[in-house]
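Visitor: I would like to learn how to read a few features of a model such as this one. Could we take them one at a time, with the general idea before the case?

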Amino acid sequence: MNQIAIICVDDEPMILDSLRIELEDNLGDNFLIEFAQSGEEALEVFMELKEDNYEIPIVIADYIMPEMKGDELLQEIHSLYPETLKIMLTGQADVTGVGNAINYANLYRYIPKPWESHDLKLTVKEALNSYFRKQEIAKKNAELEQINMELIKANIDLQESLHNELQLTTATTKFVPEQFLSLMGYKNITDVNLGDSTQLKMSVLFADIRNFTTLIEAMNSEDSIRFINAYLSRMEPAIVENNGFIDKYIGDAIMALFPGKADDAVEAGISMLKLLTEYNKTRQRPDRQALQIGIGINTGNVVLGTVGGTQRIDGTVVGDTVNLASRLEQLTKVYNVSLLVSNSTIQLLENPLKYSLRLIDRAQVKGKAEMVTFFEVFDADPPEILECKKITKHQFEKAMVSYHQGEFNQAAQLFQDCLSKNPDDPVAKIYLERCFQLMNNY
């Protein structure tokens with residue numbers, strides 16, 4: 001700790017002697033007490049002590065002095081070392097002088113002459129306590145500031161680490177969907193273990209580009225990759241915005257999962273087809289043929305799990321529900337429709353009447369004996385085709401009932417009526433041909 005000095009300033013030696021006696025009696029040998037008989041001398045003493053690394057907590061100055069008055073001296077000291085406390089000691093100060101010292105020198109106390117010994121001693125002690133308390137607070141604030149700077153640096157380092165980890169996590173979720181990890185009960189990808197599995201009920205969506213091989217035959221490898229990415233990037237938002245996630249890309253095909261409502265999967269399928277219509281508006285040149293896709297959706301129990309070996313693990317979903325969704329996507333090619341959904345999905349819709357549906361057929365999953373009914377969802381059809389299907393829906397359904405009851409002649413007539421109003425209905429054409437074949441077999 002630096003040595004400590006107190007400076008007393010008065011042009012009367014008798015006053016300075018009185019101050020010395022009282023201060024030495026009150027403070028003992030702990031402080032150096034310096035004296036000056038003018039403001040100029042006081043400034044010289046002040047600066048010399050500072051050069052010798054003295055700490056000067058208090059300056060006691062008279063007001064009326066030759067040349068430089070007390071308030072001027074205290075203002076000068078305040079401008080140089082504002083932390084030093086200033087006490088004015090005089091019986092002749094006017095209100096202006098005291099006001100200047102208060103306003104411009106941050107005067108600590110004004111003590112009138114003649115002073116009370118007890119009052120002077122108490123004022124000096126309180127001033128010293130106040131000074132050292134402020135010094136201690138300043139020291140602690142400096143320490144806190146240092147700690148704060150260290151914390152800021154540590155926080156910056158932490159934020160950088162978190163940013164890097166977030167980038168890594170973001171990159172990882174592009175390969176392993178975050179939703180897949182969550183459904184498996186993992187908090188982090190590092191928790192993944194080979195062979196983990198869980199059974200859940202969800203909707204599965206398969207989508208595939210028709211005649212994909214033919215489309216890319218004329219493309220080089222770079223163009224084919226750009227083409228696939230252009231298509232997939234337009235389909236992805238429809239899935240994500242409807243609470244689904246992409247489990248995997250299989251070439252040009254998409255396999256998406258919907259853990260929530262069955263409506264989410266159907267809405268996603270409709271949205272994908274509408275987005276495709278917009279995308280096809282940009283593919284009007286001979287070398288950019290319009291695309292057609294088929295979508296199959298099924299809802300039921302699936303098994304989510306991790307498969308692979310010691311060096312490569314992948315997440316997957318398996319089960320009859322998945323197989324049927326894939327089968328329905330394949331059947332869109334047979335019936336030349338865009339979106340087929342299973343009866344299991346239809347039964348779980350919040351409001352099936354919200355959608356434009358019609359019964360198409362029953363299918364058998366490979367390895368299973370039971371037949372599964374499936375429907376076309378045609379909300380995304382072009383407006384003129386959509387309207388024709390709505391107009392003929394009742395007649396189409398009557399034809400389907402007759403067909404499944406074995407009344408093929410009546411069914412054929414009804415399908416012909418449908419085609420008279422909707423000549424391009426591929427499903428009506430298929431069933432009419434089936435009726436003729438079955439009638440010829442009898």
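Guide: Let us begin with Thr 299, which in this predicted model is found in strand 9.

Visitor: Is Thr 299 buried or exposed?

Guide: Buried means under 20% relative accessible area. Thr 299 has 7% relative accessibility, and therefore counts as buried.

Visitor: Which side chains make polar contacts with the side chain of Thr 299?

Guide: The side chain of Thr 299 makes a polar contact of 2.7 Å with that of Ser 203, and a polar contact of 2.7 Å also joins it to the side chain of Thr 345. Leaving aside residues up to four places away in sequence, the residues that Thr 299 touches include Met 202, Ala 262, Thr 321 and Leu 348.

Visitor: What covers the buried residues of helix 8?

Guide: The buried residues of helix 8 include Phe 227, Ile 228, Tyr 231 and Leu 232, and among the elements that cover the buried residues of this helix are strand 6, helix 9 and strand 9.

Visitor: How should I read a pocket, and which residues lie nearest the centre of the second largest pocket?

Guide: Rolling a probe the size of a water molecule over the atoms shows where empty space is left. The second largest pocket has a volume of about 480 Å³ and is lined by 22 residues, with Gln 292, Ser 338, Asp 381, Pro 382 and Ile 385 nearest its centre. Helix 9 gives the largest share of this lining, 4 residues, and by class the lining has 10 nonpolar, 6 polar and 6 charged residues.

Methods:
Residues numbered from 1 in each chain as written. Predicted model: local features only at pLDDT ≥ 70, side-chain atom pairs only at ≥ 80, totals over all residues. Heavy atoms only, no water. 1 Å grid on protein atoms, 1.4 Å probe; cavity = no way out; pocket = protein on both sides within 12 Å on 5 of 7 lines; lining within 4 Å. Points joined across faces, edges and corners; volume = space filled by probe spheres on them. Helix = DSSP H or I, 4+ residues; strand = E, 2+ residues; numbered from the N terminus. Nonpolar A, V, L, I, M, F, W, Y, C, P; charged D, E, K, R; others polar. Buried < 20%, exposed > 50% of the residue type's maximum accessible area, 1.4 Å probe, protein only. Contact = heavy atoms within 4.5 Å. Polar contact = N/O pair within 3.5 Å; in protein donor to acceptor, adjacent residues only side chain to side chain.
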